[in-house]
Amino acid sequence: MFRLIARRPILAHLLSPPELPLYSITQISKRCSLSYSSTQKMTDFTLYGARGSSNADRVRLVIAESGLTNCKEVQLDFAKRDHKSPENMLRHPWGKVPAVVFEDGFTLYESRPICQYIARKYKLPLLPTDADPKAMALFEQASSVEANYFNPPASKISFEKLAKARFLGLPADEAVVEAAVKELDTFFSIIEGLLQDKQYMAGDNFSLVDIYYIPLVQRLFLFGYSDMITGRQNVAAWWERCVGRPAIKAVMAADAAAAPGAPKKDA
Ligand SMILES: N[C@@H](CCC(=O)N[C@@H](CS)C(=O)NCC(=O)O)C(=O)O
């Protein structure tokens with residue numbers, strides 16, 4: 001595991017416990033860099049996430065895309081089982097992250113509904129309008145494809161390669177990984193064909209569905225499976241369009257820079 005950390009600073013960041021409990025999302029969107037702060041500000045909502053959580057990262061990316069400045073994140077510590085605390089069980093009945101709590105007490109869990117609610121509440125151009133039922137149906141279709149055909153094998157790989165090492169001290173079950181990689185390979189072959197006629201997963205506009213993919217695709221790169229993406233012309237071009245977006249690029253760069261072992265600017 002230490003060899004792995006030394007070679008892969010970003011993975012090391014995902015594996016390491018959080019150093020400070022809060023970071024200000026205000027600063028992600030204002031200055032496009034993650035920065036940690038312990039100051040409490042007037043906030044519209046608080047995201048309860050955890051370092052290394054791909055589900056919480058979905059919400060972080062939506063917030064970064066939104067430019068919202070009135071929210072903050074509290075990072076729960078999985079190692080201390082903060083997510084199973086009575087406080088978090090009130091936010092999330094399954095004792096997981098992410099959850100969001102608004103100023104009026106409105107609480108939501110499950111990353112995709114959270115992303116949709118934030119996009120609707122703040123009128124973000126990340127999903128079609130209800131006035132276009134066909135576009136909405138295509139959005140829901142693409143969303144269902146991600147949740148049912150991409151997410152299960154991709155999270156299996158992430159669990160085996162990351163969560164098991166960090167929380168259970170167990171090696172990855174390579175047979176499980178191999179089966180999931182095979183399933184994803186077939187998945188991306190189908191997606192390659194579908195992206196022939198569109199720029200993004202739900203059509204020609206960047207949407208929440210593209211964001212839903214980003215954290216786990218990012219982890220596929222970290223675990224050494226980048227060729228599933230880069231080896232397919234249309235999928236590779238889609239990925240470049242996604243990670244070329246300034247807000248997405250900024251979050252990814254900030255996460256990499258915050259990783260222990262990452263070269264420091266003024267070092
Ligand atoms: N379907 C949920 C999945 C939430 C989830 O599994 N979160 C993980 C972190 S990525 C978690 O909290 N795991 C801790 C546990 O299950 O005890 C979502 O989209 O938010």
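The protein chain has a mean pLDDT of 85, and 81% of its residues reach 70 or more. Over residues 1–40, however, the pLDDT is below 50. Beyond near neighbours in sequence, that stretch has 80 contacts in the model. Where pLDDT is low, the predicted coordinates should not be read in detail. This is a predicted model throughout.

**Overall fold**
- The protein chain holds 12 helices and 5 strands.
- It has 267 residues, of which 36% count as buried.
- Take the contacts between residues at least 6 apart in sequence: 70% of them join residues at least 24 apart.

**Around the ligand**
- The shell around the ligand includes Ser-53, Ser-54 and Asn-55.
- His-83 also belongs to this shell.
- Helix H4 (54–66) and helix H6 (111–121) are the elements that give two or more residues to the shell.
- By class, the shell residues divide into 6 polar, 3 charged and 2 nonpolar.

**Strand pairing**
- Strand E4 (residues 99–102) pairs with strand E2 (residues 45–49) in the antiparallel sense, over 4 bridges.
- Within that pairing, Phe-102 in E4 stands opposite Phe-45.
- E4 also pairs with strand E5 (residues 107–109), again in the antiparallel sense, over 3 bridges.
- Here Val-100 has Leu-108 in E5 as its bridge partner.
- E4 and E5 form a hairpin with 4 residues between the strands.
- In this hairpin, Gly-105 takes a positive phi near 95°.

**Gly-52**
- Gly-52 sits in the loop between E2 and H4.
- Is Gly-52 buried or exposed? Gly-52 counts as buried because 23 other C-beta atoms lie within 10 Å, and the cut-off for a buried residue is 20 or more.
- Gly-52 and Leu-162 are 110 residues apart in sequence, yet their C-alpha atoms are 8.7 Å apart in space.

**Points to carry to the structure**
- For the ligand, look at helices H4 and H6, which each give two or more residues to the shell.
- For residues 1–40, keep in mind the pLDDT below 50.

Methods:
Residues numbered from 1 in each chain as written. Predicted model: local features only at pLDDT ≥ 70, side-chain atom pairs only at ≥ 80, totals over all residues. Near = placed C-beta within 6 Å. Nonpolar A, V, L, I, M, F, W, Y, C, P; charged D, E, K, R; others polar. pLDDT = per-residue confidence, 0-100. Contact = placed C-beta atoms within 7 Å. Pairing = 2+ DSSP bridges. Buried ≥ 20, exposed ≤ 12 C-beta atoms within 10 Å, placed from the backbone.
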